[in-house]
Amino acid sequence: MRFPFLHSRVLSSRRVARGAVALLVLAAAACATKKPIETLPVDKPRAGLGKRHQVLHMDPVRFVADPTGKVRVEEVDVSSEFAKAEKLYGEKAYAPALKIYEAIANETTNAANKLRALYNAGLCLEGLKRFAEAIDRYANVTHLAPKSLESRDADVRRIVSLKSLRRWRDAADAIETIVKRTDFEAADKIELSMWRGVAFIHLRDLDEATRILRRSLDKFDEHARYERLDKSVAAETLFWLG
């Protein structure tokens with residue numbers, strides 16, 4: 001799996017002679033857009049969550065008071081709510097999409113829907129450049145289901161938000177922690193390690209950055225012998241070492 005959304009802007013001040021191949025690859029990767037997790041009916045958790053035990057598994061409800069003060073219970077159509085939010089997100093209407101995702105996260109009693117809503121709320125907050133709040137939503141996902149696919153993706157998005165806040169030390173520490181996850185493939189860990197090296201470049205620790213980047217390249221060469229890897233990882237590493 002590749003993480004095109006990890007890439008920072010191409011710096012115009014850098015030499016591009018040795019990095020020409022890398023920049024072409026980066027341009028292609030930049031065309032990829034982050035997408036909210038797909039909507040599924042309440043009784044069909046996303047693949048990966050289906051094996052998890054869920055204590056509560058029921059449609060969420062909303063308590064509504066009429067003008068007389070009488071309270072009635074209304075079922076919330078989660079599928080349609082997710083569809084509305086995803087459409088808004090696709091139109092870059094992040095604020096109204098966020099409102100829907102937050103409402104689902106607060107009201108649902110279904111674990112899978114709560115994770116999806118929290119994760120997608122984080123994406124909306126990124127779109128609104130409210131990165132600190134996005135980090136908080138991603139942290140909630142990891143806290144609620146540390147071994148889920150949503151948690152893995154949330155860990156990566158958290159790094160993106162830390163980068164946007166230029167919190168390079170926190171980004172480097174976060175990467176060092178999440179690469180220990182067992183659900184990342186070798187290629188994923190190599191790329192994440194490479195971005196830890198980039199964080200140290202921004203921290204002006206060039207010795208540590210060079211050490212990490214060269215080790216990433218060595219690991220790429222090692223795994224490339226028996227596993228098909230994306231060559232753009234090696235090209236990017238060479239670019240930063242350039």
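Select helix α4 to start: its 17 residues should span 24 Å at 1.5 Å a residue, and its end C-alpha atoms are 25 Å apart, which agrees. The expected span is 1.5 Å times one less than the number of residues in the helix. Helices here are DSSP runs of H or I of at least four residues, numbered from the N terminus. The model is predicted: local features need pLDDT of at least 70, side-chain atom pairs count only at pLDDT 80 or more, and totals for chains, interfaces and linings use all residues. Residues are numbered from 1 along each chain as its sequence is written, and side-chain values use heavy atoms, with hydrogens and water left out.

Stay on α4 and colour by accessibility. Of its 17 residues, 14 are buried, so the helix is largely enclosed by the rest of the structure. Buried means under 20% relative accessible area, exposed over 50%, and partly exposed in between (1.4 Å probe, protein chains only).

After the helix comes K129, whose phi is positive, near 65 degrees.

Now show the aromatic rings. Over the whole structure, a search finds three aromatic pairs. Rings of Phe, Tyr and Trp (its six-membered ring) pair if their centres lie within 6.5 Å; planes under 30 degrees apart count as stacked, over 60 as edge-to-face and the rest as tilted.

Select F82 and Y101. Their ring centres are 6.1 Å apart and their planes stand at 50 degrees, so this pair is tilted. It links distant parts of the chain, 19 residues apart: F82 is in helix α2 (residues 78-90) and Y101 in helix α3 (residues 94-107). Both F82 and Y101 are buried.

Select Y119 and Y138 next. This aromatic pair is also tilted, at 5.8 Å centre to centre and 50 degrees between the planes. Y119 belongs to α4 (residues 111-127) and Y138 to helix α5 (residues 131-144), 19 residues apart. Y119 counts as buried because its relative accessibility is 6%; Y138 counts as buried at 0%.

Finish at S193, in helix α8 (residues 186-202). With 16% relative accessibility, S193 counts as buried. Which side chain does the side chain of S193 meet in a polar contact? The partner is the side chain of S216, at 3.0 Å. A polar contact is a pair of N or O atoms within 3.5 Å; within protein, one must be able to donate a hydrogen and the other to accept it, and residues adjacent in sequence count only if both atoms are side-chain atoms. Leaving aside neighbours within four places in sequence, S193 is in contact (heavy atoms within 4.5 Å) with I175, I212 and S216.

Notes:
Helices (H or I, at least four residues) and strands (E, at least two) are DSSP runs, numbered from the N terminus.
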